[in-house]
Amino acid sequence: MATKIRLQRFGKKGKPFFHVVVADSRSPRDGKFIERLGSYNPNTNPATIEINFEKTLAWVNSGAQPTDTARAILSYKGVLYKKHLEGGVKKGALTQEQADEKFAAWLDAKAGKISGKAEGLATSKADARKAALAAEAKKKEDKAAAIAAKNAPVVEEEAPAVEAEATEEAPKEEGAE
């Protein structure tokens, strides 16, 4: 029997939520499955992936073929890298200790990337909130200044003085030419 590791869709329209399952390749997408391995929620940023690592590794080692999306998820969580390292141990290219060290280093680097992205998203969200607050405060000040200018009494003496200065300068400029 050919088995596949694939996603089983749940959730409302526009808000998908998936279970990662092992199923017979002939069964329908949301139909009968053999075992549930974890879940995948693409609605969060970064996406939330919960996988039972040991069960998934056992299924991959026993020949279950992941679909393209499931392959990307398993690669992201390190299941396929662990299988690759175990293959190197079986062939004699690595010792088990070397493989474990490489995998631990990879996990640390991956955790650093994920936490960096989460922190970056949080800071950008906070910066956007501060910018929006500053823009709103400026708009409020501009509106208050416009209302104050509208309600202020108009001084009519300054306008004729400006016109008189303009007329005095005009003849001087004609004479200069």
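**View 1. T56 and its contacts in the predicted model.** T56 touches L37, I51, L74 and V79, leaving aside residues up to four places away in sequence. Contact means heavy atoms within 4.5 Å. T56 lies in helix α1. Helices (H or I, at least four residues) and strands (E, at least two) are DSSP runs, numbered from the N terminus. Because its relative accessibility is 0%, T56 counts as buried. Buried means under 20% relative accessible area, exposed over 50%, and partly exposed in between (1.4 Å probe, protein chains only). This is a predicted model: local features need pLDDT of at least 70, side-chain atom pairs count only at pLDDT 80 or more, and totals for chains, interfaces and linings use all residues. Residues are numbered from 1 along each chain as its sequence is written, and side-chain values use heavy atoms, with hydrogens and water left out.

**View 2. Helix α1 on the sheet.** α1 lies across β1, β2, β3 and β4. The helix runs at about 115 degrees to β3. Axes are lines fitted to C-alpha atoms, for helices over the stretch in contact, and angles run from 0 to 180 degrees between N-to-C directions. β3 is mostly covered, with 5 of its 7 residues buried.

**View 3. The buried side of helix α2.** Helix α2 spans residues 68-77, and A70, I73 and L74 are buried in it. They cover an arc of only 95 degrees around the axis, which puts them on the same side of α2. The arc is that of the directions from the helix axis to the C-beta atoms. The buried residues of α2 pack against β1 (3-12), β3 (35-41), β4 (48-51), α1 (53-61), β5 (65-66) and α3 (79-91). G78 follows α2 and has a positive phi, near 95 degrees.

**View 4. I73 and the largest nonpolar core.** I73 touches L7, Y40, I49 and I51, not counting residues up to four places away in sequence. The largest nonpolar core has 16 residues. Of these, I5, L7, V20, Y40 and I73 touch the most other members. β1, β2, β3, β4, α1 and α2 each supply at least two residues of this core. A nonpolar core is a set of buried Ala, Val, Leu, Ile, Met, Phe, Trp, Tyr and Cys residues joined through side-chain atoms within 4.5 Å. In soluble globular proteins, nonpolar side chains tend to be buried together.

**View 5. Strand order in the sheet.** An open sheet is formed by 5 strands in the order β4-β3-β2-β1-β5, with mixed pairing. The edge strands are β4 and β5, and each pairs on one side only. Two strands pair if DSSP finds at least two bridges between them.

View 6. β1 and β2 (residues 15-24) run antiparallel and are joined by 10 bridges. K4 has A23 as its bridge partner in β2. The hairpin of β1 and β2 has 2 residues between the strands. There, G14 takes a positive phi near 85 degrees. With β5, β1 pairs in the parallel sense over 2 bridges. In β5, K4 is partnered by Q65, and I5 stands opposite P66.

**View 7. β3 between β2 and β4.** β2 and β3 pair in the antiparallel sense over 5 bridges. V21 stands opposite R36 in β3. β3 and β4 also run antiparallel, joined by 4 bridges. The partner of S39 in β4 is E50.

**View 8. The cis peptide bond at P46.** β3 and β4 form a hairpin with 6 residues between them. P46 lies in this loop between β3 and β4. The peptide bond from N45 to P46 is cis, with omega near -5 degrees.

**View 9. The whole protein.** The protein has 5 helices and 5 strands. Along the sequence they follow the pattern β-β-β-β-α-β-α-α-α-α. Buried residues make up 21% of the 177 residues. Of the contacts with a separation of 6 or more, 36% are between residues 24 or more positions apart. The accessible surface comes to about 12800 Å², and 56% of this belongs to carbon and sulfur atoms. Accessible areas come from the Shrake-Rupley method with a 1.4 Å probe; for residues, only the protein chains shown count as cover.
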